[in-house]
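Here is a short briefing on a single protein chain.

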Amino acid sequence: SEMCIRDRSTWACTNKPADCSVKDMKDFFDKVIYFPYLNYSSRKLVFKQLIEKAGGYLKENFNISSLALLSKGYTAGSFQRAINKVLTERRKTQLAQRPLTLAEFIGPLSSTSYTYVDEDAKIRAFSLDITGIKARREDRERKKEEEKNNKKKSTKKAKK
């Protein structure tokens, strides 16, 4: 059977979404799947799962909270690259005698890609715009302002 236009998908990916035209993207794509940065809880969970998947394990006293805090601005891909640098085959054989420490991850993580605060702000602004959240917030604020003005007008009329 012949393939019709609805049978096709177009995927796009960028590390500079703020440089894109929101209007053009909305006009071109029917659906957008957005993958935001991981929040603190997600970073804890992802680190733990990636370490275990790589053949490592964390002792109960491992400070995963500090690792999650230190990793703000890094992507899951950066986590994976850092974990791969730490959990070599040799290091995995030493885990029973020498458990993983927070310090082991800091250097490898710092050598991966990081999103700086100004770049993060641009990405967040783009995300609010492309998902429609910005427009909904502005609409809600506009309606609140209109209601407030209408109440003032009705109060003035009642006083006359």
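Along the sequence, the protein chain reads α-α-α-α-α-α-α-α. That comes to eight helices and zero strands; helices (H or I, at least four residues) and strands (E, at least two) are DSSP runs, numbered from the N terminus. The model is predicted: local features need pLDDT of at least 70, side-chain atom pairs count only at pLDDT 80 or more, and totals for chains, interfaces and linings use all residues. Residues are numbered from 1 along each chain as its sequence is written, and side-chain values use heavy atoms, with hydrogens and water left out.

**Overall dimensions**
- The protein chain has a radius of gyration of 24 Å, whereas a compact globule of 160 residues would have one near 15 Å (taken over C-alpha atoms; the globule rule is 2.2 Å times the number of residues to the power 0.38).
- Along the principal axes, the C-alpha atoms fill a box of roughly 85 × 60 × 30 Å.

**Burial and contacts**
- Of the 160 residues, 26% are buried (under 20% relative accessible area, 1.4 Å probe, protein chains only).
- Among contacts with a separation of 6 or more, 73% join residues 24 or more positions apart (contact means heavy atoms within 4.5 Å).

**Helix pair α2 and α4**
- Helix α2 (residues 40-53) packs with helix α4 (residues 76-86) at about 35°, with axes 10 Å apart (axes are lines fitted to C-alpha atoms over the stretch in contact; angles run from 0 to 180 degrees between N-to-C directions).
- R43, V46, F47, L50 and I51 in α2 meet A76, F79, Q80 and I83 in α4.

Methods: Buried < 20%, exposed > 50% of the residue type's maximum accessible area, 1.4 Å probe, protein only.
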